[in-house]
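Subject: Structure for you to look at

Hi,

Here is the structure I promised. Please open it and keep it beside this email while you read.

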Amino acid sequence: MLTQLLRMPLIQLSKSSWAQGRLTGWEWSRRAARRFVAGEQLADALEAISALNAKGINVTLDHLGENTSTLEEAAQAAAEVARALAVIHSAGLRANVSVKLSQLGLAVSEDVCRENLRVVLRAAQAAASFVRIDMEDSASTSATLRMVRWAHEQGFGEVGVVLQSYLYRTERDARELAAEGIGVRLCKGAYLEPLTVAFAKKAAVDANYDRVARLLMKAARAQGAHPGSADGVIPPLTALATHDPVRIANAQAAAAELGLPQAAVEFQMLYGIRRDLQEQLVGEGWPVRVYVPYGARWYPYFMRRLAERPANVWFFVSNYFQ
């Protein structure tokens, strides 16, 4: 109940330019955000990646900055992701990148977004790397899937996407993507969606998560149950993003029942959340990848993390009084 009461105003605040201007200017809010955001510079993120790699954890790097509104901003965002890919590759880090299409100009036009995505994909190809295209709110779901399929049609094979179990359409999308051999990261979803497109109750979201996770694992087995690359850059087809111990246990049980090797299922988590569980899974032999965000435009991402769990709000408030 408390989560639901807090979720709506926090997600609304994530879109508020007034609140963003106030909070990002306060040192204590930047300090609190550092639990979930590696820092504002690429060097900060590289340090975080190295620390995680030392623990046997792979990384997907996200340069924050969604909803660009000009050609210049979108082009700059693409250039920064391309730079990050080159630096990661040259440093030999076990990491790839995640991108949001709204950062690459989707709100300007699909054509603009496509050309900026091409810049990122060419950089990934040159670095023998992988790009995960994040899913945003439901209004952009169809456009995002079109862009992912376009990337594969253009010959960029190492491109995956994210699906959200709170959307009614996700099971159908998962079946179609699995049949096409496109890798999926499954998460629950962190945006505020209308009842016309999304499950409202946590139990329904969880049940759909388990159902779709099993579907993806079954499809991966049918396609050879390939593990991720030995260098930790390319993930397996099935990536399960959750901090929920029940969802993890259910996925592990399903993998065992299907005869799917551990290396063919990657658990993914967010930077700064459930570090204990990340290390536990690595110790048990499961591939783990942590989503590491960085950049000056951290506010919307940070507010969505607060909206997900009341405990995160108390962490934020406690930093105010330190």
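This is a predicted model: local features need pLDDT of at least 70, side-chain atom pairs count only at pLDDT 80 or more; totals for chains, interfaces and linings use all residues.

**Strand S7 and its neighbours**

That pair belongs to a larger pattern. S6 and S7 run parallel and are joined by 4 bridges. How does the chain get from S6 to S7? It passes through helix H10, residues 245-258, and this β-α-β crossover is right-handed.

S7 also pairs with strand S8, residues 288-294. Here too the strands run parallel, with 4 bridges between them. Phe 267 stands opposite Val 288 in S8. The chain goes from S7 through H11 to S8, and this β-α-β crossover is right-handed.

Is S7 mostly covered or mostly open? It is mostly covered, with 6 of its 6 residues buried. In a regular strand, side chains alternate between the two faces of the sheet. Look at both sides of S7. Val 265, Phe 267 and Met 269 are buried on one side. Glu 266, Gln 268 and Leu 270 are buried on the other.

**Helix H7**

Next, find H7, residues 141-153. The helix has 13 residues and reaches 19 Å from its first C-alpha to its last. That is close to the 18 Å expected at 1.5 Å a residue.

Which residues of H7 are buried? They are Thr 141, Ala 143, Thr 144, Leu 145, Met 147, Val 148, Trp 150 and Ala 151. What covers them includes helix H6 (110-126) and helix H8 (170-179), along with strands S3 (131-133) and S4 (159-164). After H7 comes Gly 155, which has a positive phi, near 95°.

**Two residues with positive phi**

Two residues other than glycine also deserve a look. Ala 225 has a positive phi, near 50°. Ala 225 sits in the loop between helix H9 (202-222) and strand S6 (238-241). Its relative accessible area is 15%, so Ala 225 counts as buried.

Arg 274 is the other one, and its phi is positive, near 50°. You will find Arg 274 in the loop between strand S7 (265-270) and helix H11 (275-283). Arg 274 is partly exposed, at 30% relative accessibility.

**Salt bridges**

How many salt bridges are there? The count comes to 23.

Asp 134 pairs with Lys 100, with the closest N and O atoms 3.2 Å apart. This pair links distant parts of the chain, 34 residues apart. Asp 134 is in the loop between S3 and H7, while Lys 100 is in the loop between strand S2 (95-99) and H6. Both Asp 134 and Lys 100 are buried.

Asp 111 pairs with Arg 114, and their closest N and O atoms are 2.7 Å apart. About one helical turn separates Asp 111 and Arg 114, because they are 3 residues apart in helix H6. An α-helix has 3.6 residues a turn, so residues three or four places apart point the same way. Are the two partners buried or exposed? Asp 111 is exposed, at 52% relative accessibility. Arg 114 is buried, at 19%.

Asp 173 pairs with Arg 169, with the closest N and O atoms 2.6 Å apart. Asp 173 is buried, with a relative accessible area of 3%. Arg 169 is partly exposed, at 24%. Elsewhere, salt bridges that share partners join Lys 188, Lys 202, Asp 206, Asp 210, Asp 244 and Arg 247 into one network.

**Nonpolar cores**

Last, look inside. The largest nonpolar core has 77 residues. Which of them touch the most other members? Leu 61, Leu 104, Met 217 and Val 292 do. Helix H5, residues 71-91, gives the largest share of this core, 7 residues.

Take Leu 61 as your example. Beyond residues up to four places away in sequence, its contacts include Leu 42, Ile 49, Ile 88, Val 97, Val 292 and Tyr 294. Another core, of 8 residues, lies apart from the largest one. Among its members are Phe 36, Leu 64, Leu 270 and Ile 273.

Best wishes

Notes. Residues are numbered from 1 along each chain as its sequence is written. Side-chain values use heavy atoms; hydrogens and water are left out. The expected span of a helix is 1.5 Å times one less than its number of residues. Buried means under 20% relative accessible area, exposed over 50%, partly exposed in between (1.4 Å probe, protein chains only). Contact means heavy atoms within 4.5 Å. Two strands pair if DSSP finds at least two bridges between them. A crossover is right-handed if, with the strands pointing away from the viewer, the path from the first strand over the helix to the second runs clockwise. A salt bridge is a side-chain nitrogen of Lys or Arg within 4 Å of a carboxyl oxygen of Asp or Glu. A nonpolar core is a set of buried Ala, Val, Leu, Ile, Met, Phe, Trp, Tyr and Cys residues joined through side-chain atoms within 4.5 Å.
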